[in-house]
Structures are given as C-alpha cells and as structure tokens.
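Thanks for coming, everyone. Please bring up the sequence and the model, and we will walk through them together.

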Amino acid sequence: MEAARVEALQAALDRGGRREARFERGELRLYESGVVVLDKIYLDEAAGRLAEAYWRWLLLSGPAREAERFASDLRRPPAPSDVPAAAQFIERVATLAEEVAAIEVDERALNEVLYGLYRLAPEERNLVENELGRRNVLTESG
Amino acid sequence: MSRLPLFRGTRGEATPGPSDPAYIRKSLIRLLRLAREAQIMPWSESETESWEKLFPALAASLPAEEAAELIAEFKTELERLRSTD
C-alpha cells in the first residue's frame, strides 16, 4: 500500500506540472496538474492548516524529483501548537505564495509585451508557451 | 576572416510561417485532456488567463466546426474547474 502510494507519487513527479497543497473539509491533499496524488490525510483544523502551510512552503522552497525523499519531507510537518510561531509560519507562507504569484503575473505581462513586440502569431506563441511549460516542469522537478 | 555585420540597420519584418493544423490540434487536445482530467485548476491564475485567450486564437486555424466544438468544451471545463475553487 505504502509502496504503491510512493510509486504513484513518483509517476506524478515525473509527469511534472503545477503542484498544489489544499486542506479542505478536514482532508489534506496534494495535487499535480489539478489531479490528486495524495489524499485521505484527515487532520483537525489546527494541524491541517499548519500541515497545509508546511506543504506549500515545501513546494515553494524547492523542486522535488525523488518521491521517497519528497514523501519523507511531507510526513514531517511541525507539530501544531498554540505558540505564535505556528500562526506566523502560516501567515508568512501565505505572503510568500502571494509574492510568487505576483511575480508570475508580472512575468506573463512581460511575455505579452514581447509577443506584441515580435508580432508572434498564435501558433508561435503556443510554441513558446509549451516551451515555458516544459521549462517550468523541469525547474519544478529539479 | 569573416566579419560580423554590427551595424546592418533595421531588422526585416518577420513573416509568420504557414500554420500547421496537425500540431495545433495536438496542442489543443493536450490542453483539453489536461483540463478534463483535473479536479482543481491545473494552471495558475495568470497561466489560465493566457490559455483562455490563446485557445480560441489557435483553434481559429482549424475547420470552423471542429474549432467551435473544442472551444466550447474548453470553456465548459474551465467553468467546472473555476466552480471548484
């Protein structure tokens, strides 16, 4: 069971794509390209919010290629506690995620300017976008 | 020894090559499959907006009926995925 889950995680890491952690209705999930790769991790509200922030931080802080190592990192969220550090961590990860998203928006806007400048046809833009997607996947997966 | 022309002047107008419907079809079907299989949005907000604009522009090179079908399905999938957020 454990081996099958690690294998499925490895297949997802190999496929590449956008990774996202979500804690909803008491369940923590990891998605790759919008498809769930880890789920059924049931936690109470405090532990779930902290684990979600920790997973987001892991996804933001570095690429992961090896499923076993990645799974081992995912398994070690900080223990939930009432100390202000836990709340601060959740808050700072949210801020970091917003900043990363804002950078991506600026990058896209810059791309749009360049597409206009070079008068790229939709087909040429498609080639560039697919290339960017491949590059991001490579960057994300190390 | 050859010399690089450093001051050639203005660059000529780029002329887009002929479109390749087979490649476009493949790209659109890949995007559609990604959206169809996804449980949540597979792209970031800005990437989604970009594909939302580019998808119909690409589909315009395909036969009208096929393009309309692909665009409609892509829109439906995006609506479904947005409703999950």
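Start with the sheet in chain A. Three strands form an open sheet in the order E1-E2-E3 (chain A), with antiparallel pairing. Two strands count as paired if DSSP finds at least two bridges between them. Strands here are DSSP runs of E with at least two residues, helices are runs of H or I with at least four, and both are numbered from the N terminus. The edges are E1 and E3 of chain A, each pairing on one side only. From one strand to the next, the twist averages 15°.

A word on the source. This is a predicted model, where local features need pLDDT of at least 70 and side-chain atom pairs count only at pLDDT 80 or more, while totals for chains, interfaces and linings use all residues. Residues are numbered from 1 along each chain as its sequence is written, and chains are lettered from A and ligands numbered from 1 in the order in which they are written.

Now strand by strand. E1(A) covers residues 19–24, E2(A) covers residues 27–32, and they pair antiparallel over 6 bridges. Look at Arg19(A): opposite stands Glu32(A) in E2(A). The two strands make a hairpin with 2 residues between them, and Arg25(A) in that turn has a positive phi of about 45°.

Next pair. E2(A) and E3(A) run antiparallel, joined by 5 bridges. Here Leu30(A) faces Leu38(A) in E3(A). This is a hairpin too, with 2 residues between the strands; Ser33(A) in the turn has a positive phi of about 50°.

What packs on the sheet, touching E1 and E2 of chain A? Helix H2 of chain A, residues 45–61, and its direction makes about 175° with that of E1(A). Axes are lines fitted to C-alpha atoms, for helices over the stretch in contact, and angles run from 0 to 180 degrees between N-to-C directions.

On to chain B. There are 3 helices and 0 strands. Along the sequence the pattern is α-α-α. Of the 85 residues in chain B, 19% are buried. Buried means 20 or more other C-beta atoms within 10 Å of the residue's own, exposed means 12 or fewer, and partly exposed is in between, with C-beta atoms placed from the backbone.

Take two of those helices. H1(B), residues 21–37, packs against H3(B), residues 64–83, at an angle of about 30°, with the axes 9 Å apart. The two are therefore roughly parallel to each other; that term covers angles under 35 degrees. Which residues meet? From H1(B), they include Leu28(B), Leu31(B) and Leu32(B); from H3(B), Leu70(B), Phe74(B) and Leu78(B) are among them. This contact divides into 8 nonpolar, no polar and 3 charged residues. Ala, Val, Leu, Ile, Met, Phe, Trp, Tyr, Cys and Pro count as nonpolar, Asp, Glu, Lys and Arg as charged, and the others, Gly among them, as polar.

Last, how the chains meet. 22 residues of chain A are in contact with 21 residues of chain B. In contact means that C-beta atoms, placed from the backbone, lie within 7 Å. On the chain A side, E3 (35–42), H4 (84–117) and H5 (122–140) each give two or more residues. H5(A) gives the most, with 7 residues. The chain A side divides into 8 nonpolar, 5 polar and 9 charged residues.

Note on methods:
Contact = placed C-beta atoms within 7 Å. Parallel < 35°, antiparallel > 145°, perpendicular 65-115°, else oblique.
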